Every structure is written in structure tokens, then in C-alpha cells.
Amino acid sequence: MFQNGIHFTNLDAGLCCNGHKTCCTMTPGAWGGMASERQHRLAIVEFGRLLHGNGFVAATDGNLSVRLDPHRLLVTPTYMSKGRMKPSDLVIVDTKGNRLAGKRNVSSEIGMHLLIYRLRPDVQGIVHAHPPTATGFAASGLDLNQPLVCEVVVGLGEIPLARYGTPGTPELAEALEPLVPSHDAILMANHGVVTYGSTLENAYMKMETVEHFAHIALVTHLLGRAQPLGEKEVEKLWAVRHRYNSGGKCASTRTPDAGQDLREEAERKEIAGSRR
Ligand SMILES: [Zn+2]
């Protein structure tokens with residue numbers, strides 16, 4: 001049987017729940033209409049390959065997770081390439097981060113995942129990576145809040161920058177905490193990016209959008225002619241965003257000064273240019 005191009009029978013079924021094979025043969029819908037644990041394992045492996053293949057992570061960087069049920073998370077292991085994982089390499093932890101199943105040690109950045117699942121009951125999947133352009137912004141102390149592209153405003157609203165916190169310590173979770181409830185994608189200063197959503201695929205897509213938008217923001221900066229959308233246009237896009245998210249499941253709070261820094265910078269350049 002094939003799912004997402006991966007052969008199901010290749011799964012090491014005995015490893016998934018301390019040897020209980022029943023959990024690996026759950027049909028979709030066995031837990032709240034969601035995918036089975038086996039499908040979640042395959043999805044993490046697939047999106048790990050995409051992260052690595054797209055250059056969003058190097059070496060053993062990055063981590064991914066899925067909420068299996070209210071008490072268990074399926075998470076990538078530490079010290080392993082996200083492009084070369086097998087379904088049986090993944091680790092199941094409880095909501096405190098204690099390992100319940102799996103041979104490997106869980107990602108050292110599990111604290112960040114636990115925080116996001118705790119603050120956002122709507123979130124089912126999380127992706128953390130170090131995509132080079134977006135991480136370049138984060139390492140330059142720049143957020144990606146500028147309303148430069150209409151679809152990014154509708155899809156993600158703003159992409160704020162969290163202050164630096166040492167990876168694997170409570171410092172990092174503390175830096176993210178105020179931003180998690182109202183955003184779905186966050187730049188982490190001098191570190192990388194975390195995205196999350198209603199599915200792992202949704203979280204991964206947001207990571208692609210963040211990196212793609214970072215490229216665009218960089219090009220507008222290189223051209224020296226960034227033209228952020230005006231306040232009225234941004235308001236209309238936020239109205240569309242609220243309509244799309246009318247279920248209230250998606251972060252949709254807007255910082256009042258969205259795009260202001262960039263607009264001011266553009267104005268300053270215009271004034272400087274006119275003086276030449
Ligand atoms: Zn990291």
C-alpha cells in the first residue's frame with residue numbers, strides 16, 4: 001500500500017507504541033477523524049525530506065512534530081538529518097516532554113513544541129527550520145511584518161521577530177510565548193523560524209511561504225524601491241484574512257504599526273533621492 005509515495009509495509013510497526021501493533025493499524029478516523037499514527041509518521045518523514053531537500057535545514061538541524069492526541073506528541077529525534085529519517089526513528093512524548101516510545105532521544109528543542117501546543121489548542125503540527133534568507137533577517141534583527149505581498153498578508157498576517165533565547169532552554173520558550181497566540185509563523189533572533197498550523201502540511205507550507213517572502217523582501221531591499229501596501233489596502237486584506245479564519249482557529253491579531261518602519265524607510269529614501 002502506498003501513501004505519499006512511501007511503502008507502508010516498510011514500516012517497522014513494532015517500534016511505534018512500545019511494541020503494540022494495534023496503534024499502527026489504526027484507520028484514519030480512529031482518533032477524532034484524524035490520520036492514524038502511521039500516517040503521521042510518514043508525513044513527518046516526508047516533510048523532513050522536503051525541509052532538507054529545499055535547503056531549509058543543514059546537517060541535523062530542525063525539528064517537526066504532530067499532536068497525536070490530547071496526551072501524546074510525535075516528534076523528530078535529536079542528532080539526525082531530517083532528510084534521512086525512517087518512521088521508526090520518531091519519538092512519542094507526553095505533554096511534559098517525557099519519552100513514552102521510541103529508541104532515540106527527542107529533539108532538544110521539544111520545549112518550544114510543548115509551549116506552542118499548550119498555548120494553541122488548534123495547532124496539530126509544528127515545523128522548525130533554519131531557512132537561509134528568513135534566518136538572515138532574524139540574524140539582522142529584522143522582522144518580516146512589511147505588507148509587501150498581498151497573499152502573504154492574507155495567509156500569515158505578520159511574521160514577527162522573537163528576541164534571542166538559547167536553544168533548548170526555557171529562555172527560548174519565554175521569548176516566543178507572547179507571540180505564539182497571535183501568530184502562525186515567528187522568526188527567532190539569531191536562530192531560525194518556527195511555523196505551525198492545523199496540520200503538519202499546513203505548518204510546512206507556512207515555512208515555504210516565510211522563506212519565499214523573505215527572498216522577495218530581500219530583492220525589494222536590493223532594488224531600493226520597496227513599495228509596501230498602503231494602510232487602506234492592508235485593512236482590506238486583514239478583513240479577508242478574518243473571513244478566511246472565521247472559525248477563530250487561526251492567529252489573526254495585527255500589530256498597529258504593521259509596515260510602518262518600511263514605509264518610513266521608503267519615504268526617507270525618496271526624500272534623500274530627491275535631494276540628489
Ligand atoms: Zn533550531
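How many helices and strands does the secondary structure of the protein chain come to?

1. The count is 8 helices and 10 strands, where helices (H or I, at least four residues) and strands (E, at least two) are DSSP runs numbered from the N terminus. Please keep in mind that this is a predicted model, in which local features need pLDDT of at least 70, side-chain atom pairs count only at pLDDT 80 or more, and totals for chains, interfaces and linings use all residues. Residues are numbered from 1 along each chain as its sequence is written.

2. On to the sheet. It is open and holds 8 strands in the order S6-S5-S4-S3-S7-S10-S9-S8, with mixed pairing; two strands pair if DSSP finds at least two bridges between them. Strand S6 (99-101) and strand S8 (161-162) are at the edges with a single partner strand each, so one side of each has no neighbour in the sheet.

3. Within the sheet, S3 and S7 run antiparallel and are joined by 4 bridges. Ser65 stands opposite Ile126 in S7.

4. Helix H2 (residues 110-119) is mostly covered, with 7 of its 10 residues buried (20 or more other C-beta atoms within 10 Å of the residue's own, C-beta atoms being placed from the backbone). Among them are Met112, Leu114 and Tyr117. The buried residues of H2 pack against several elements, including strand S3 (63-69), strand S7 (125-129) and helix H5 (170-176).

5. For the protein chain as a whole, 39% of the 276 residues count as buried.

Notes:
Buried ≥ 20, exposed ≤ 12 C-beta atoms within 10 Å, placed from the backbone. Contact = placed C-beta atoms within 7 Å.
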